[in-house]
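Dear colleague,

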Amino acid sequence: MEKNKTQVEEINRNIYDIKNKDDYDFKIKKGLTKEIINEISDQKKDPDWMREFRLKALEVYNKLELPTWGPDLSELNMNEIATYVRPKSKLNTSWEDVPEDIKNTFDKLGIPEAEKTSLAGVGAQYDSEVVYHSMKEDLIKQGVIYTDMETAVREYPELVKEHFMKCVPVYDHKFVALHGAVWSGGSFVYVPKNVKVDIPLQSYFRLNSPESGQFEHTLIIVEEGASLHFIEGCSAPKYNKVNLHAGCVELYVKDNAYLRYSTIENWSKNMLNLNTKKAIVGKNAKMDWVSGSFGSKISMLYPMSILNGEGSKTEFTGISFAGKGQNLDNGFKVIHNAKNTSSVINAKSISKNGGTCTYRSLVRINENAKNSKCSVSCESLMLDDISKSDTIPVNDIRTDEVEFSHEAKIGKISDKAIFYLMSRGLSEEDAKAMIVRGFAYPISKELPLEYAVEMNNLINLELEGAIG
Amino acid sequence: MSEKLLEIKDLCVSAGEKEILNGINLKINKGEIHVIMGPNGSGKTTTANAILNNPEYTKTNGKILFEDEDITDLKTDEIARKGVFMSFQLPEEIPGISVTNFLKYAKNKITGEPVKIFAFKEELKKYMEELKMNPKNMERSLNVGFSGGEKKKNEILQMLVLNPKLAILDETDSGLDVDAIKTVSKGIEMFKNKDNAVLIITHNTKILHSLKVDYVHILVDGKIVKTGNQDLATIIENEGYGKYKNK
């Protein structure tokens, strides 16, 4: 029987694709030279130590090679990327003061609304600078700091100097070095000892300017016995030429502390997302990652937990969804570096319409990490015959006194399951969407509610274009 | 309005290269319970799947009419929305959606109307008590980790909730103990009224001990070779299918 095929090349990403005029206050010329770095430093009125730091990072960048593994990055030409775009807005503490077109964008993304209903604080970055930052009064009283990174450099130089790019050193890889040279914006969070921040803080990063990059730096310090849930969202409208995101996230989870870091990344499909995230976890502390990766043309993202303290724990829950033209090379890294540490990794991926999902991971259990546990589960779902899925785990276990398990499953949507659901009155599209949503459910239930809803909408939206 | 619900005319069906049904004729009126019996491999499950137009099977000849409308080539979901339901021999496991949410969703698709939550939950509760189902299962993923018996009861629950005009029960009794078979029979009795019909597909006669049926059809090698009343089932129970084979 002939089936009707509806093949939609490029789906409407509606709200995410709202393009504002590229109307900036200052845009640095394209390319990456010492002069350009100095110009960025001038524009940002960096202290001397930061200017020197940037220039040193540039040197490291020039020495390092592109990664020799993973997706092909040859289309990235730094001479075509403007690394600093200052929006026509200062940093505001009231949405009323944010220029209208920028505010409208965040309105449509639902940020001010979420701030009212479910968040304790919000930061919003537009291109290279943060345009809005605010936090509830009672957290300020308890000594919590939540501000943009530039303010932190100015007002908390000692804290910043002690932690900035110490967890993720510039020589880690080429794009971290790049980040060190051109970073701008991002959020700084400091939660004092024993302070529990019960309601999440959220930073949202929006890149509007074409042929540019976003290099925000997020630095979070959760002191002993304190706890925090931090949410990060990102998106951009689609342009024909490549955009670059090379952010950096450094998380310090001190003894007995707890940090949950949730991300929903929905970059446009001309974005190269080469982001670096790392956490250092102290004694009996716990670091949880929740990650949804939907956008980008190429993504290389491997958050990392370093379990340095005895009894420290980490859990990673992540999902990637790759459609036409997308190559999402995502995963997780964990280093067990002390006794009685434990890690749980639960990764899922969905690929359709020729998209590629790769799960790439590193689990290292050092000799000193006796009596540690690690369990890895990764599952992939391919929605058609032209999509790809791969699993590349590296497990480096240097002691026998561990419990380690690894489970990997790669599969397709079952025709029998589709028939079963259709026999209950669901159309083929509804049936597939239900199966995919069900597959993603263990991850989506970990996301903040509005993001879980957004993820389900994205799945529906993406599938409308995928049903053949 | 005709009393006729389903009519199958000279239906031939193949799966891959293999011809399974060769010329089935069957008429089911409102208010009737029919049974198709037959040895393994005779085409019983194929008949059920063909009515729902499972794309794994190809119809090479014949027609299927439902309330005088040709449904031969309709999509499975369209047939379901016309009022045909099938209880599966091996119900699929669907992770990540609870039984309650699934049924709510399916009922909305079948009726085309919003489901009234309170009444719906009351209805579910009532049916589950009758079917002796564990209420905890309702919040579990659809069929995931259910025992064979739980899956079959869950199919009957779906039948009751979706309330079709024609319910096809494919080997719903197989693999069940005596008590579970009685519960399933009770579910069928609760469902049955003068405006709907049931087609039971089975290879044994156990379920017929606790259920009164109107017609029994014997299916052998893809053809209905004999039709009778409930007594025919008793004869088969005693004598087997031997005398209908290889004719």
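Domain bounds here come from an automatic or database domain assignment. On that basis, chain A divides into domain 1 (16–412) and domain 2 (413–468). The centres of these two domains of chain A, taken over C-alpha atoms, are 27 Å apart. Their contact involves 23 residues from domain 1 of chain A and 17 residues from domain 2 of chain A, where two residues are in contact if their C-beta atoms, placed from the backbone, lie within 7 Å.

Please note that this is a predicted model: local features need pLDDT of at least 70, side-chain atom pairs count only at pLDDT 80 or more, and totals for chains, interfaces and linings use all residues. Residues are numbered from 1 along each chain as its sequence is written, while chains are lettered from A and ligands numbered from 1 in the order in which they are written.

On the side of domain 1 of chain A that touches domain 2 of chain A, the elements giving two or more residues are strands S13 (258–266), S16 (286–293), S19 (313–322) and S21 (342–351) of chain A. Helices (H or I, at least four residues) and strands (E, at least two) are DSSP runs, numbered from the N terminus. S19(A) provides the largest share of that side, 4 residues.

In chain B, Lys82(B) belongs to helix H2 (residues 76–82). Beyond its neighbours within four places in sequence, Lys82(B) is in contact with Phe66(B) and Ile71(B). Lys82(B) and Leu11(B), 71 residues apart in sequence, lie 20 Å apart in space, C-alpha to C-alpha.

With kind regards
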